[in-house]
Amino acid sequence: MSTTLRPADRLSAWRVRWGIGRMRYTVEPGLYAVGHPTAGSPVLVSANYKLSFDRLRAELAGLDAWILVLDTAGINVWCAAGKGTFGTDELVRRIEAVRLAEVVSHRVLVVPQLGAPGVAAHEVKRRSGFRVQYGPVRAQELPAFLAAGMKATPDMRRVYFRLRDRAAVMPVELVWSAKYALVVAATFFLLAGLGPGIYSWTRLAGAGLLSAAMILGAWGGSTVLTPVLLPWLPGRALSAKGAWLGLVFLLGILVCARFYPAAFDSWFSLAAWCLLVPTVSSFMAMNFTGATTYTSLSGVRREMRVAVPIQAAAAVVGVTLWLIGRFV
Amino acid sequence: MAELRYLLGVVTLTLDGEKCTGCGMCLSVCPHAVFQLDDGRARIADRDACMECGACARNCPAEALSVRSGVGCATSVIIGALSGSQRSCDCSGSSPCCG
């Protein structure tokens, strides 16, 4: 199997990040050879998500190794480990299915460290005879790890959430939430035709477009800027960071209202967006917790207990003000 | 740049020092360097860095560690609350968890 990624591999990786055909992006579970492995070559364990598998094989140029691909239903190592599909049972089953004990003479498996939430090393040893050696978090550090006699430096064991990592998960966030944002924006747009007298197309073109733009602006701005600005936004709770970002958007709205007051059909509308824009921003940032690599479930529950009631109240008051704005 | 820090004092991680054999497995699997080895025993050195992934507890042969593990994802908490299930991080759907 090749360690060079073809342009087609790179193109499909890009497509997957943008959510196109993501669930079909799999490789067949089993044992693969990289270079010319022998009975003494290392065995590296991976998931059958093609993005994980490609990342791994691309880092192994010039090396001879076995890759044992587990059936994780096309999910990456980290998430599959959380769900348990990248786990002790599947690993032991796959070792037997490919008769690994007959292929290699040693009894060591290199399992990615991020698979550890699903794999109990001592149970794998007891059930299969293979000793699990946890490899580095990032596949790119595998050659150094192997060259050092399967020793990981402290840095190889650390998960970071740097700008590059945050930028990589941003499109995933943008795509999954886009349909909800569009539905909400369309609802506001259509409701904007309501008012004294009959349903008005003129109002659709005025308040309707403005409302849709406000929703989409708050959603898009927060979804793109929260990951980028994460370390610099004040507060620890993601909902707080999003609210701060929303206040920046709010300044933009106030500047707009100052120089172009006709954009808002009434004070009610202006007040409504002053509430709704930071609320949308806070909510979207809160949902970014799922894409981060450092938020705990206990922490997420704690921040939600505080943030969700505030967001809900602001949303109800904001929508009410906006609806009043239709009729004054 | 300092690593990002989440809320303080919320994590459910506990370590039973009596049971610990000092094998160091928790140090190997922790992605946030929560543990240190002092005098042949593991110690929680940086509790607030823990993201409750559960790797340490799963890999502790002495069963000295416990943590209520789960995915720190607001979307899955919302979906779980709406669908009445305890935890639902459905990676097969369009959810962003597990991106």
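**Terms and their grounds**

Q: What is the handedness of the crossing of α11(A) and α12(A)?
A: The crossing of these two helices is left-handed. The model is a predicted one.

Q: Why are α11(A) and α12(A) called roughly antiparallel?
A: Helix α11 (residues 267-287) of chain A and helix α12 (residues 297-327) of chain A pack at an angle of about 150°, their axes being 8 Å apart. Angles over 145 degrees count as roughly antiparallel, and α11(A) and α12(A) are therefore described in that way.

Q: Which residues make the contact of α11(A) with α12(A), and what is its make-up by class?
A: On the side of α11(A), the contributors include Phe268(A), Leu275(A), Leu276(A), Phe283(A) and Met286(A). On the side of α12(A), Glu303(A), Gln311(A), Leu321(A), Trp322(A) and Ile324(A) are among them. By class, the contact holds 14 nonpolar, six polar and one charged residues.

Q: Why is α8(A) called roughly antiparallel to α9(A)?
A: The axes of helix α8 (residues 163-191) of chain A and helix α9 (residues 201-229) of chain A come within 9 Å and cross at roughly 160°. The limit for the term is an angle over 145 degrees, so α8(A) is roughly antiparallel to α9(A).

Q: What is the handedness of the crossing of α8(A) with α9(A), and which residues make the contact?
A: The crossing is right-handed. The contact includes Arg166(A), Met170(A), Glu173(A), Phe188(A) and Phe189(A) of α8(A), together with Leu204(A), Ile215(A), Trp219(A) and Pro227(A) of α9(A). Its residues divide by class into 17 nonpolar, four polar and two charged.

Q: What makes β1 and β5 of chain A edge strands?
A: The open sheet has five strands in the order β1-β3-β2-β4-β5 (chain A), with mixed pairing. Strands β1 (30-34) and β5 (131-135) each pair on one side only, and they are the edge strands. Direction ignored, neighbouring strands of this sheet are turned by 30° against each other on average.

Q: In which sense do β4(A) and β5(A) pair, and over how many bridges?
A: The pairing of β4(A) with β5(A) is parallel and runs over five bridges. Val110(A) stands opposite Gln133(A) in β5(A).

Q: What makes β4(A) mostly covered?
A: A residue is buried if 20 or more other C-beta atoms lie within 10 Å of its own. In β4(A), four of the five residues are buried.

Q: How is chain B built, and what share of its residues counts as buried?
A: Chain B comprises three helices and four strands, which follow the pattern β-α-β-β-α-β-α along the sequence. Of its 99 residues, 45% count as buried.

Q: Which element of chain B gives the most to the side that touches chain A?
A: The contact takes 42 residues from chain B and 45 residues from chain A. α3(B) gives the most to the side of chain B, with four residues. That side divides into 23 nonpolar, 14 polar and five charged residues.

How values were computed
Residues numbered from 1 in each chain as written. Chains lettered and ligands numbered in written order. Predicted model: local features only at pLDDT ≥ 70, side-chain atom pairs only at ≥ 80, totals over all residues. Axes fitted to C-alpha atoms, helices over the stretch in contact; angles between N-to-C directions. Parallel < 35°, antiparallel > 145°, perpendicular 65-115°, else oblique. Left-handed = near helix turned anticlockwise from the far one by under 90°. Contact = placed C-beta atoms within 7 Å. Nonpolar A, V, L, I, M, F, W, Y, C, P; charged D, E, K, R; others polar. Buried ≥ 20, exposed ≤ 12 C-beta atoms within 10 Å, placed from the backbone. Pairing = 2+ DSSP bridges.
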